[in-house]
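The following exercises are to be worked with the sequence and the coordinates at hand. Each task is followed by a solution in steps.

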Amino acid sequence: MLALELHQDKVDILLFADGSVYTKPLGGAPYVAYSLPVGSIFHGSHIGLREWVMAFHLICGAKKGISALQLQRNLGIKQYKSAWHMAHRIRHAMTDGIFD
């Protein structure tokens, strides 16, 4: 189901309700699908966006910080390694000045 259709100067953009995005250059080339998390800290993650937002909230709201083990418990993630990678990516993003 098409949610939004945008026409920019040189690109048509189709946004669908399921979150998929398709772009098409105006030169007659076919539409190309891509995902919004590509190129962000969410890229390649099997963890849902809801858990990522909760992890941001927990890490940024903790006065003395939060361990990956506590993050795993609070989010209900089964693998410690996944929670560690989430915490690592969020901390790295905060030090890179992405949120400035």
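**Exercise 1. Determine at what angle helix 1 and helix 3 pack, and which residues make the contact.**

Solution. 
1. In this predicted model, helix 1 covers residues 49-61, and helix 3 covers residues 80-95.
2. The two helices pack at an angle of about 65 degrees, and their axes are 10 Å apart.
3. The crossing of helix 1 past helix 3 is right-handed.
4. From helix 1, the contact is made by Glu 51, Trp 52, Ala 55, Phe 56, Ile 59 and Cys 60. Helix 3 contributes Met 86, Ala 87, Arg 89, Ile 90 and Met 94.
5. Sorted by class, this contact has nine nonpolar residues, two charged residues and no polar ones.

**Exercise 2. Decide whether Ala 83 is buried or exposed, and identify the residues that it touches.**

Solution. 
1. Locate Ala 83 in helix 3.
2. The relative accessible area of Ala 83 is 0%. Because a residue counts as buried under 20%, Ala 83 is buried.
3. Leaving aside residues up to four places away in sequence, Ala 83 touches Ala 68, Leu 71, Gln 72 and Ile 77.
4. For a distance to helix 1, take Glu 51, one of the residues of that helix in the contact with helix 3. The C-alpha atoms of Glu 51 and Ala 83 are separated by 10.0 Å, and the two residues are 32 apart along the chain.

**Exercise 3. Carry out the corresponding analysis for Ser 82: is Ser 82 buried or exposed, and what does Ser 82 touch?**

Solution. 
1. Ser 82 is likewise found in helix 3.
2. Its relative accessible area is 12%. This value is under the 20% limit, so Ser 82 is classed as buried.
3. With residues up to four places away in sequence not counted, Ser 82 touches His 46, Ile 47 and Ile 77.

Note on methods:
Residues are numbered from 1 along each chain as its sequence is written. This is a predicted model: local features need pLDDT of at least 70, side-chain atom pairs count only at pLDDT 80 or more; totals for chains, interfaces and linings use all residues. Side-chain values use heavy atoms; hydrogens and water are left out. Helices (H or I, at least four residues) and strands (E, at least two) are DSSP runs, numbered from the N terminus. Buried means under 20% relative accessible area, exposed over 50%, partly exposed in between (1.4 Å probe, protein chains only). Contact means heavy atoms within 4.5 Å. Axes are lines fitted to C-alpha atoms, for helices over the stretch in contact, and angles run from 0 to 180 degrees between N-to-C directions. A crossing is left-handed if the near helix is turned anticlockwise from the far one by less than a right angle, and right-handed if clockwise. Ala, Val, Leu, Ile, Met, Phe, Trp, Tyr, Cys and Pro count as nonpolar, Asp, Glu, Lys and Arg as charged, and the others, Gly among them, as polar.
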